[in-house]
Amino acid sequence: MRIVILGAPGAGKGTQCKRVVAEYGLAHLSSGDILRRERSEGTELGKEAQSYMDSGALVPDEIIVKMMASAISESVESGFVLDGFPRTVNQAQELDNSLQSSGQKIDAIINLNVDDELVSQRMTGRRSCPECGAVYHIENLKPKVEGKCDNDDADLVQRADDALDVVANRLKTYHEQTKPVVGYYKSNGTVIEIDANKDADEVTGFVLDKLEELASALK
Ligand code: ADP
Ligand code: AMP
């Protein structure tokens, strides 16, 4: 299966993707995670992306499209879930063109709908493990021991771009540049709309039910 998960920053895309890939053995291709890895490794790409990410703007399309084409080409066998990409209509068109030229297509587009006040609360309360990448929330999805990762006991960290002032910019960027991607996909086919205001387990239930239907239809 090839799946795209859409939604505002903080909507819960990464949280749901981790659960979907555990169920279906797909590759989880998160553009944000790939960029943060490039930055921590100090690569040219990471350096180019830095100022955009820190201000809550989007990294230019040509950089992202090339980076994600490379990640997708490594996941042809397993199938994949795209998380955080495409984030502009131009990126969505480039993705369609590049899949088409290799005889592939996206099988499902899932849109996680969350109210703006909730996504702000989710982003500012997000904490992640620098060792294994596990993601928690200080109120909604707490680790067993406050401030420590359940998997490896590492100290949890807050992303710099989850500070309140950057969060406001990221939401503005989402409404102006990313929300139109939902319309792009709707004009070409079906988008599975999910009420992601609910708690994480309930949202996972909705998502897995839809994917189960899809998996049966694809058999
Ligand atoms: P995204 O990948 O869309 O930016 P994340 O999956 O990282 O979002 O989730 C953002 C924050 O919200 C994290 O701290 C996560 O633990 C928390 N979270 C995710 N889904 C839910 C949910 N359904 N209800 C409450 N909190 C959630
Ligand atoms: P995320 O982890 O998805 O919240 O992404 C963190 C940041 O990385 C975003 O605020 C953008 O600056 C950048 N980014 C991630 N994915 C994309 C994309 N598809 N297009 C442009 N910028 C992106």
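Tutor: A term is needed at the outset: a polar contact is a pair of N or O atoms within 3.5 Å; within protein, one must be able to donate a hydrogen and the other to accept it, and residues adjacent in sequence count only if both atoms are side-chain atoms. By that criterion, a polar side-chain atom of Gln91 lies 2.9 Å from a nitrogen atom of ligand 2. The model is predicted: local features need pLDDT of at least 70, side-chain atom pairs count only at pLDDT 80 or more, and totals for chains, interfaces and linings use all residues. Side-chain values use heavy atoms, without hydrogens and water.

Student: What does the protein cover of the accessible area that ligand 2 has on its own?
Tutor: The protein covers 96% of the 480 Å² (Shrake-Rupley method, 1.4 Å probe; for residues, only the protein chains shown count as cover).

Student: Which backbone atoms lie close to a nitrogen atom of ligand 2?
Tutor: A backbone N or O atom of Val59 is 3.0 Å from a nitrogen atom of the ligand, and one of Gly84 is 2.9 Å from a nitrogen atom of ligand 2.

Student: Which helix gives the most to that shell?
Tutor: Helix α2 (residues 31-40) does, with 4 residues. Helices here are DSSP runs of H or I with at least four residues, strands are runs of E with at least two, and both are numbered from the N terminus.

Student: Now ligand 1: how many residues surround it, and which are the closest?
Tutor: There are 18 around ligand 1, the closest being Gly10, Lys13, Thr15, Arg126 and Tyr136; a residue is near a molecule or strand if one of its heavy atoms lies within 4 Å of it.

Student: Changing topic, is Arg170 buried or exposed?
Tutor: Arg170 counts as buried because its relative accessibility is 9%; buried means under 20% relative accessible area, exposed over 50%, and partly exposed in between (1.4 Å probe, protein chains only). Arg170 belongs to helix α7 (residues 164-188).

Student: What is Arg170 in contact with, leaving aside neighbours within four places in sequence?
Tutor: Its contacts (heavy atoms within 4.5 Å) include Arg126, Asp161 and Asp162.

Note on methods:
Residues are numbered from 1 along each chain as its sequence is written. Chains are lettered from A and ligands numbered from 1 in the order in which they are written.
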